Each structure stands twice: as C-alpha cells, then as structure tokens.
Amino acid sequence: MNGSNDKDNSALDRLFDDLLHPNPIINKDAYMKMVKYWPEESLPRLLACLGHEKIDLRRVYVKALGAFGKSSLGPVIEVFKSTQDRTIRTSCIKVLVQIAAGVDNVPFPEEVIVLVEKVLEEENPEQTLTLVTLLRQLGEQGLPVLIKISRGKNLLGVLAAVTALGEINHPSARDCLEQLLCDETQDSLIHESVLASLSTFKS
C-alpha cells in the first residue's frame, strides 16, 4: 500500500513539475490530470501556490484551480478570507473569474457577492479591475454591484464597470448607462466610455 502511495505521489510531483514548464499545453495537460486523478491531493498544494513570487507561475496555478470548477470555489473563498496578502487575494479573485467563465448561467453562492462588495471598499486598483471582470462573468447576478461601481467615485472602477455593463444584455444595464449619459457632471472619459458601451446595445 505504501509503495503504491509513493508511486502516486511521485506521479503527482511530476505533474507539478510540468506546471513549471514554459509550454502552456504541457501545463494544461498536467492540471487536467490533477483534476481527473488527484483532486484531493493536488487542490491544497495548488492553493498554497497562489502567492508565488513569479507572476507567470501564479497565472498557471490560477488556471489550474479554475479547471477544478465549483469544487475549488469553497476552498478558494476560505483562502481569501484567511489572509490580508494582496497578491494571494488577487489570485483568489482571478480563480473565481476562471470558475465563472467555465460554468455559464450557474449562480455563485451569495457569499461571493458579499465578499466582492467588501473588497471593493478597499479601493485597490488591481483587485477592483479583477472584481469587475468577475462580475461581468456572473452576468445578471453581478449586475447590481456593477451598477453600484459605475456610480462610484473611483474613476478606474467606473470605467471598467461601464465597459462591463455594455457586455451584459439586460434592461437594467442599459438603463444605468443611459442615466450616466444624462449626468452632465461626469468626467469626459466616462461619457465617452458610456457612449461606446451603449453602441454595443444598438449593434
């Protein structure tokens, strides 16, 4: 039995080595095998890598965790809540984006929306942009928070939210953009962005 476990661990170690390879095809083959054959063993190890100092490797670990789909959702949320490290937290949000992109029209737990609103209060630019991407992926579920961001004071967040609203085919998104267009106090950059987003509805 122990010999079998050693063999399995050795095989999993080789897959983690493959995640370090510069070829993305080799990376993907490795983490898809993890998902299929070693989900319980590989998930904690991947979570522990979200704060890796090399950004290219962090991207690979994010994609790997995203490949687990909703089974990694709870663990990723727990990692996010357990740390104040901005690198790890941003990586966690990026994993959520990956998960949302892979499970269309499947609602996320309301806890995720609450978490998003809490993080937005920190006004960290990188986290804000990643959160907007997540909300866009969530579609109608993320719409109320996107509308809230678009009416905020953070220029970077507003511009990102306005662009995201133009990509969500929903009356509330269009109504919000039309209201922003009528606001003469808005920055000219926001005004131009709103016009661009509204044009996507017309097209």
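**Entry 1: helix H9**

I started with helix H9 and found Leu143, Val145, Leu146, Ile147, Ile149 and Ser150 buried. Buried here means under 20% relative accessible area, exposed means over 50%, and partly exposed lies in between, with a 1.4 Å probe and protein chains only. Helices (H or I, at least four residues) and strands (E, at least two) are DSSP runs, numbered from the N terminus. I noted H9 as mostly covered, since six of its eight residues are buried.

Before going on I wrote down the terms of reading: this is a predicted model, in which local features need pLDDT of at least 70, side-chain atom pairs count only at pLDDT 80 or more, and totals for chains, interfaces and linings use all residues. Residues are numbered from 1 along each chain as its sequence is written, and side-chain values use heavy atoms, with hydrogens and water left out.

I then looked up what covers H9. Its buried residues pack against helix H7 (110-120), H8, helix H10 (155-165) and H11. Contact means heavy atoms within 4.5 Å.

**Entry 2: H9 with H11**

I took one of these pairs further. The axes of H9 (residues 143-150) and helix H11 (residues 171-182) come within 10 Å and cross at roughly 5°. Axes are lines fitted to C-alpha atoms, for helices over the stretch in contact, and angles run from 0 to 180 degrees between N-to-C directions. H9 and H11 are therefore roughly parallel to each other. The cut-offs are under 35 degrees for roughly parallel, over 145 for roughly antiparallel and 65 to 115 for roughly perpendicular, with the rest oblique.

On the H9 side I listed Leu143, Ile147 and Ser150, which meet Ser172, Ala173, Cys176 and Leu180 in H11. The residues of this contact divide into five nonpolar, two polar and no charged. Ala, Val, Leu, Ile, Met, Phe, Trp, Tyr, Cys and Pro count as nonpolar, Asp, Glu, Lys and Arg as charged, and the others, Gly among them, as polar.

**Entry 3: the whole chain**

I stepped back to the chain. Its secondary structure comes to 12 helices and zero strands. The C-alpha trace spans about 70 × 35 × 30 Å along its principal axes. Of the 203 residues, 42% are buried. I also looked at contacts between residues at least 6 apart in sequence, and 63% of them join residues at least 24 apart. The chain exposes about 11300 Å², with carbon and sulfur atoms supplying 51% of it. Accessible areas come from the Shrake-Rupley method with a 1.4 Å probe; for residues, only the protein chains shown count as cover.

**Entry 4: the core**

I looked for the largest nonpolar core and found 65 residues in it, with Leu19, Met34, Leu46, Phe108 and Leu134 having the most contacts inside it. Helix H6 (residues 86-102) gives the largest share of this core, seven residues. A nonpolar core is a set of buried Ala, Val, Leu, Ile, Met, Phe, Trp, Tyr and Cys residues joined through side-chain atoms within 4.5 Å.

I checked Met34 by itself. Leaving out residues up to four places away in sequence, Met34 touches Leu12, Leu15, Phe16, Leu19, Pro39, Ser42, Leu46 and Phe68.

I looked up Thr130, in helix H8 (residues 125-138). At 8% relative accessibility, Thr130 counts as buried. Beyond four places in sequence, Thr130 touches Thr90, Ile93, Lys94 and Val97.

With residues up to four places away set aside, Gln137 touches Val97, Ala100 and Ala101. I also noted Val103, 34 residues from Gln137 in sequence and 9.5 Å from it in space, C-alpha to C-alpha.

**Entry 5: two phenylalanines**

I placed Phe80 in helix H5 (residues 73-81). Phe80 is buried, with a relative accessible area of 2%. Not counting residues up to four places away in sequence, Phe80 touches Arg89, Cys92, Ile93, Leu115 and Val119.

Phe201 is found in helix H12 (residues 188-202). Phe201 is buried, with a relative accessible area of 17%. Apart from neighbours within four places in sequence, I found Phe201 in contact with Leu165, Gly166, Ile168, Asn169, His170, Ala173, Arg174 and Leu177.
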